[in-house]
Structure formats: C-alpha cells, structure tokens
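Please read the report below alongside the sequence and the 3D structure. It works through a helix and its surroundings, then the charged pairs, and then the nonpolar residues.

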Amino acid sequence: MDATDVPQEGSATYGGQLKAVYARTHDGRLGLVQSRGWEVEETVTLQAVRAFEELTAAAIERVRAGQSSPLEVHMYRARMDISLLAQASGLWRWRVRRHLRPTVFARLSKALRARYAEVLGIEPEQLDVIN
C-alpha cells in the first residue's frame, strides 16, 4: 500500500490517538506512516470487545455457580485467552487451564497469585473478587 492510500477515516477505538502502519513512501521504500484508522478495523475491534464482554459475563455466571475460578473472569476482562495468559505469565497452558478450577485456584501460592496479578494489571487481593 502506498503512503497516500493509508486509511485516514478516523476510528473511535483509537481514542484520538494515531497508529503507525507500514506503507510504501514516495521514494519507493517501506516506511512508517501515521493513520487515524478506518471503519472496517473499528467494526472488527468493537466486535472483538463485545465477544470478550460476553465471555466475561458467562465466566461470572460460572464462578457464581462454583464451576470456575475468578481467574477466568479477570483473564477475559484483560482481553486474554488461555494461550495468551499462559504466554504472558510464563506458564504452560495446561497449568492455566488447571488454575481455572475453583479448588485448584484456592490453593495457589502467593507467588503464583502475584504473577497472575502482575500480568492482569491488578493487585493480588483482587484476584478473588469479581464484580
């Protein structure tokens, strides 16, 4: 894509910020060009956000029913899935899946809770709270 073709429609999801994208500059080289976004990207982003909101709501119901741990709610609120949470926390996916069980989550060490809290951007004490 040429620098002159970079979408500049504006996107509410950018919050007034600009995004850097690669495009071919006037001298034929690949370079960074600022973009205000475009409608298609905004639509897809909003759909993804809605999907995570639905996953969060379903996770809250599972936690209240005793079928899952609060970790699942916090994971979805942080716009993560099991694979991303595992990668960010440096744990195997199977361990993260295991920690989604309420009985296993209740026995997590302080160090592991602190690791999850750091990745999720919350305090360790907040891991047990869903609201």
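The sections that follow take up these topics one at a time.

## Basis of the report

This is a predicted model, in which local features need pLDDT of at least 70 and side-chain atom pairs count only at pLDDT 80 or more, while totals for chains, interfaces and linings use all residues. Residues are numbered from 1 along each chain as its sequence is written, and side-chain values use heavy atoms, with hydrogens and water left out.

## Helix H2 and its cover

Helices (H or I, at least four residues) and strands (E, at least two) are DSSP runs, numbered from the N terminus. A residue is called buried under 20% relative accessible area, exposed over 50%, and partly exposed in between, with a 1.4 Å probe and protein chains only. Helix H2 covers residues 70–77, and seven of its eight residues are buried, so the helix is largely enclosed by the rest of the structure. The buried residues are Pro70, Leu71, Glu72, Val73, His74, Met75 and Tyr76. Their cover includes helix H1 (39–64), helix H3 (82–89), helix H4 (93–99), helix H5 (102–106) and helix H6 (110–120).

Arg79 follows H2 and is found in the loop between H2 and H3. Although Arg79 is not a glycine, it has a positive phi of about 60 degrees. Most residues other than glycine have a negative phi. With a relative accessibility of 38%, Arg79 counts as partly exposed.

## Salt bridges

A salt bridge is taken here as a side-chain nitrogen of Lys or Arg within 4 Å of a carboxyl oxygen of Asp or Glu, and by this rule the count comes to three. One of them joins the side chains of Glu41 and Lys19 at 2.5 Å, N to O. Glu41 lies in helix H1 and Lys19 in strand S1 (residues 19–24), so this pair ties together parts that are 22 residues apart in sequence. Lys19 is partly exposed, at a relative accessible area of 34%.

The side chains of Glu72 and Arg62 also meet in a salt bridge, at 2.5 Å, N to O. This pair links helix H2, which holds Glu72, with helix H1, which holds Arg62, across ten residues. Glu72 counts as buried at 7% relative accessibility, whereas Arg62 counts as partly exposed at 26%. A further salt bridge is formed by the side chains of Arg113 and Asp128, at 3.2 Å, N to O. Arg113 is in helix H6 and Asp128 in the segment after H6, 15 residues apart; Arg113 is buried, with a relative accessible area of 12%, and Asp128 is partly exposed, with 44%.

## Nonpolar core

A nonpolar core is a set of buried Ala, Val, Leu, Ile, Met, Phe, Trp, Tyr and Cys residues joined through side-chain atoms within 4.5 Å. The largest such core has 21 residues, and those with the most contacts inside it are Leu71, Val73, Leu85, Val96, Tyr116, Leu120 and Leu127. H1, H2, H3 and H6 are the elements that give two or more residues to this core.

Contact means heavy atoms within 4.5 Å. Leaving aside neighbours within four places in sequence, Val96 is in contact with Ile82, Leu85, Ala86, Ser89, Leu91 and Tyr116.
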